[in-house]
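Biologist: Let us take this one question by question. Please put the sequence and the structure up.

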Amino acid sequence: VYKRYVEKGATKASIKLYQEDRHEILNEVDKYCAASDYTEITLDIVDRMGVKTVEASVFDMIDLICRKKPVKAIEKLNNLFELRTDEIAILGAMTTSFVDMHRCKMAQSQRKDYNRVQKDFEKNANSYRYKKAMNNAYNFSLSSLEDILSLLMKTDISMKSSARDKKQMLYVLVTQIIAKGAR
C-alpha cells in the first residue's frame with residue numbers, strides 16, 4: 001500500500017535529506033502527506049518541501065546547469081530566494097562547487113580519479129561531493145571553469161563592496177555561467 005502512494009525516488013530523496021537524524025523522517029513524511037493533500041508523495045514535493053542545506057540546494061542548481069536545464073536552474077535559485085537564503089551564502093556554495101570542479105578538471109588531465117582529488121584537498125569531505133564534481137567537470141572546458149571562477153570572484157567582491165541588489169547580481173551570475181555553458 002505504501003509504495004502505491006510514493007513516487008519512485010521520493011523515498012530515497014527524503015532519506016538522503018535526513019540521513020543524520022532519521023527521527024525527523026516521520027515528521028517530514030507527515031509534512032509531505034499534507035502537501036500532497038494525502039494523495040501521492042512525488043519527488044517534486046520532496047524537493048520543494050524538504051529542508052536542504054544551502055550547499056545541497058546550490059549543488060542541485062549547478063547540476064541542472066550541467067544537464068542543460070537553465071530554466072530549472074533559475075527556478076532553483078528562485079526557491080532559494082523564497083526561503084530567504086542569504087545571497088552571500090549562495091555565492092559561497094556556488095564557489096565551492098566550481099572550485100571542486102576545477103580541481104577535478106585538472107585531475108582529469110592527469111588521469112586521477114575523484115578519490116585522489118578528495119585526499120589531496122579535503123580528506124574529511126564527503127566523497128560524493130567530489131564524485132559529482134568530477135562528473136560535472138566533464139561538461140566544461142578548463143578555460144570555461146577558469147572564466148567561471150573569475151566571474152564568481154568578481155561577483156563576490158562586488159557583493160561585499162557595493163549596495164547593488166545582491167539577488168540581481170546572482171541572477172546575472174547564473175545567467176553568465178549558463179552562457180559559458182556546459183558543453
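Biologist: Is His102 buried or exposed?
Modeller: His102 has its place in helix α7; helices are DSSP runs of H or I with at least four residues, strands are runs of E with at least two, and both are numbered from the N terminus. Buried means under 20% relative accessible area, exposed over 50%, and partly exposed in between, with a 1.4 Å probe and protein chains only. At 18% relative accessibility, His102 counts as buried.

Biologist: At what pLDDT do side-chain atom pairs count?
Modeller: Residues are numbered from 1 along each chain as its sequence is written, and side-chain values use heavy atoms, with hydrogens and water left out. This is a predicted model: totals for chains, interfaces and linings use all residues, local features need pLDDT of at least 70, and side-chain atom pairs count only at pLDDT 80 or more.

Biologist: Which residues is His102 in contact with, leaving aside its neighbours within four places in sequence?
Modeller: Contact means heavy atoms within 4.5 Å. With those neighbours set aside, the partners of His102 are Leu142, Leu145, Glu146 and Leu149.

Biologist: At what angle do α7 and α10 pack?
Modeller: Two packed helices are described by the angle between their axes and the distance between the axes. Axes are lines fitted to C-alpha atoms, for helices over the stretch in contact, and angles run from 0 to 180 degrees between N-to-C directions. For α7 (residues 87-109) and α10 (residues 142-161), the axes are 10 Å apart and the angle is about 155°.

Biologist: How are α7 and α10 placed to each other, roughly parallel or roughly antiparallel?
Modeller: Angles under 35 degrees count as roughly parallel, over 145 as roughly antiparallel, 65 to 115 as roughly perpendicular and the rest as oblique. The angle here is about 155°. Therefore α7 and α10 are roughly antiparallel.

Biologist: Is the crossing of α7 and α10 left-handed or right-handed?
Modeller: The near helix is compared with the far one: turned anticlockwise by less than a right angle, the crossing is left-handed, and clockwise, right-handed. For α7 and α10 the crossing is left-handed.

Biologist: How many nonpolar residues does the contact of α7 with α10 have?
Modeller: On α7, the contact residues include Leu91, Met94, Phe98 and His102; on α10, they include Leu145, Ile148, Leu149 and Leu152. Ala, Val, Leu, Ile, Met, Phe, Trp, Tyr, Cys and Pro count as nonpolar, Asp, Glu, Lys and Arg as charged, and the others, Gly among them, as polar. The contact has five charged residues, three polar ones and, as nonpolar residues, 13.

Biologist: Which helices do the buried residues of α9 pack against?
Modeller: Those buried residues are Tyr130, Lys132, Ala133, Met134, Asn136 and Ala137. They pack against α5, α7 and α8.

Biologist: What is phi of Arg84 near?
Modeller: Most residues other than glycine have a negative phi, and most peptide bonds are trans. Arg84 lies in the loop between α6 (70-82) and α7, and is exposed at 76% relative accessible area. Its phi is positive, near 60°.
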